[in-house]
Amino acid sequence: HKYLDEVDEAAKLCGAINTVVNTRDKDGNVTGYLKGYNTDGMGYWQGIKEEGIDFKGMKMVLIGTGGAATAASSLSRAGNKINAILIVTHKFLFLFI
């Protein structure tokens, strides 16, 4: 991430950036300070929230390890307070506690 000034914690956890924001100061002027995010996980969790599902304190199983699954699991570890995540692929089984 040599072109960015900062990377969001969720993007660091999943190892991918898909959105770069040129931040603004308090007056709304563009600063040139670039921050990278991964919005896949945010989109997943927003959809879950809109359906009224609350995973806090629960265990979760993700099938697959594609980009969106990785981002969703990274974001859950970063702030959604899920106790454990089990990721299943055709070759591997990962457990994050």
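A: In this predicted model, 47% of the contacts in the protein chain between residues at least 6 apart in sequence join residues at least 24 apart.

Q: What counts as a contact here?
A: Two residues are in contact when heavy atoms lie within 4.5 Å.

Q: How many helices and strands does the protein chain have, and in which order do they run?
A: The protein chain contains 3 helices and 6 strands. Starting at the N terminus, the order is β-α-β-β-α-β-α-β-β.

Q: Why is Cys14 called buried?
A: The relative accessible area of Cys14 is 15%, and buried means under 20%. Cys14 therefore counts as buried. This residue belongs to helix α1, which spans residues 9-14. The C-alpha atom of Cys14 is separated by 8.2 Å from that of Gly67, and the two residues are 53 apart along the chain.

Q: What share of the protein chain is buried?
A: Of the 97 residues in the protein chain, 26% are buried. The chain exposes about 6500 Å², of which carbon and sulfur atoms supply 54%.

Q: What makes the pair Glu6 and Lys35 a salt bridge?
A: The closest N and O atoms of Glu6 and Lys35 are 3.5 Å apart. The definition asks for a side-chain nitrogen of Lys or Arg within 4 Å of a carboxyl oxygen of Asp or Glu, so the pair qualifies. The pair links distant parts of the chain, with Glu6 in strand β1 and Lys35 in strand β3, 29 residues apart. A search of the whole structure finds 1 salt bridge.

Q: Why is Glu6 called partly exposed, and why is Lys35 called buried?
A: Glu6 has a relative accessibility of 32%. Partly exposed covers the values between the 20% cut-off for buried and the 50% cut-off for exposed, so Glu6 is partly exposed. Lys35 has a relative accessibility of 18%; this value is under 20%, and Lys35 is therefore buried.

Q: How do you know that β2 and β3 pair?
A: Pairing requires at least two bridges between two strands. There are 5 bridges joining β2 to β3 (residues 30-37), so the two strands pair, and they run antiparallel. Arg24 stands opposite Val30 in β3.

Q: Which strands form the open sheet, and what makes two of them edge strands?
A: The open sheet consists of 3 strands in the order β1-β3-β2, with mixed pairing. Strands β1 (6-7) and β2 (19-24) are the edge strands, as each pairs on one side only.

Terms used. Residues numbered from 1 in each chain as written. Predicted model: local features only at pLDDT ≥ 70, side-chain atom pairs only at ≥ 80, totals over all residues. Heavy atoms only, no water. Helix = DSSP H or I, 4+ residues; strand = E, 2+ residues; numbered from the N terminus. Buried < 20%, exposed > 50% of the residue type's maximum accessible area, 1.4 Å probe, protein only. Areas by Shrake-Rupley, 256 points an atom, 1.4 Å probe, with all protein chains shown as cover.
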